[in-house]
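These are my notebook entries on one structure. I set down what I looked up, entry by entry.

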Amino acid sequence: MEDASPFTPPLAPQHLVLGRFACAALLASGLLAAASVSADETTQVVTLINEYRESGRDCDGDFKPPAGPLATSVALTGLPNISGQDLSNLLQRAGYQAAQAQAVRVSGPEDIAMLMTVLKQQYCGVLMNPAYADVGVSRDGKRWQLVMARSLLSSGMVDWEEAGKEVLDLVNEVRGESRTCGSQTFASTLPLAWNEQLASSALEHSHDMAKQNYFSHTGRDNSQVGERAKREGYDYQLIGENLAAGHGSPKQAVAGWLMSPGHCANLMNPQFTEMGAAYVVNPASDSAIFWTQVLGAPKE
């Protein structure tokens, strides 16, 4: 087992810089390039990490609440072996403008099961950090590298409703093909329609999470998604909700949901016919940006 090292990037005037970050750090010596794992291995590792993040964990006596799903990042996966190199410079050269990032290098595990055992034992706090939204996984034999990060939010982000409708388009592309979500296989299904009441419910919950700096399906008023939808006048026979945090675009939010079996199953559920989605930004919060997608089927 080796090391985990965070960094803080310099301020970039074209972006909003969000959150509180630690000092820059360098990793130990070594300049070998990291070999990419297969797409299937990457999916397995990220899926297992997301399952781990989705329920609260006791990390050496410090309880960590649930954190949002991570999305696989090509830029983070393609980083060379960062040992002995400045992580911030490598990220900039890869075109990833990071608000916060951390690299973890582990030596010894022969397979994914052994890797996850080490990560849970030694890096629980890193895996559960709500500041991270993206991840890259690579390996060289028994040496594994994980880079977890959150990108800077662009100052030119579209408004919440336009972003929500982009989520709709992306989800409908996903629903147009068969897909396996964990152990469940779904056939392609019909597209969802935009619903203003579900969108308002999504905006309400994203605003509450961002304002009060938490990540949960249970609102601070103890409300659940069904109650919040009814407040907006939506009379449903089926209701569901996906949450994400830290993702700087609709594409990355949906990518994170696809890497989580439960969220993915919601996206592919043929019983849902409508949805709404919204994001809210709070620079002072742990995750900076909070996404809510509400899926429903109205009563006939």
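Where does P109 lie? I found P109 in the loop between β6 (98-107) and α4 (112-122); helices (H or I, at least four residues) and strands (E, at least two) are DSSP runs, numbered from the N terminus.

I note the basis of these entries: residues are numbered from 1 along each chain as its sequence is written, and side-chain values use heavy atoms, with hydrogens and water left out. The model is predicted, so local features need pLDDT of at least 70 and side-chain atom pairs count only at pLDDT 80 or more, while totals for chains, interfaces and linings use all residues.

**Entry: P109**

I looked up its accessibility: P109 counts as buried because its relative accessibility is 2%. Buried means under 20% relative accessible area, exposed over 50%, and partly exposed in between (1.4 Å probe, protein chains only). Not counting residues up to four places away in sequence, P109 touches M114, L115, V118, R139, K142 and W144; contact means heavy atoms within 4.5 Å. I also noted that 8.9 Å separates the C-alpha atoms of P109 and G141, which are 32 residues apart along the chain.

**Entry: helix α7**

I checked the span of α7 (residues 196-212): its 17 residues should span 24 Å at 1.5 Å a residue, and the end C-alpha atoms are 24 Å apart, which agrees. The expected span is 1.5 Å times one less than the number of residues. I listed its buried residues as L198, A199, S201, A202, H205, S206, D208, M209 and A210. These pack against α6, β12 (193-194), α8 (225-231), β13 (236-245), β14 (274-281) and β15 (289-298).

I then took up S201, found in helix α7. S201 counts as buried, because its relative accessibility is 0%. Leaving aside neighbours within four places in sequence, S201 is in contact with V225, R228, A229, E232 and V294.

**Entry: helices α6 and α9**

I found that α6 (residues 160-175) and α9 (residues 250-258) pack at an angle of about 45 degrees, with their axes 9 Å apart. Axes are lines fitted to C-alpha atoms, for helices over the stretch in contact, and angles run from 0 to 180 degrees between N-to-C directions. In α6, the residues A163, E166, V167, L170, V171 and V174 meet P250, K251, V254, W257 and L258 of α9.

**Entry: helix α10**

Which residues of α10 are buried? I recorded P261, H263, C264, A265, N266, L267 and M268. Seven of the eight residues of α10 (residues 261-268) are buried, so this helix is largely enclosed by the rest of the structure.
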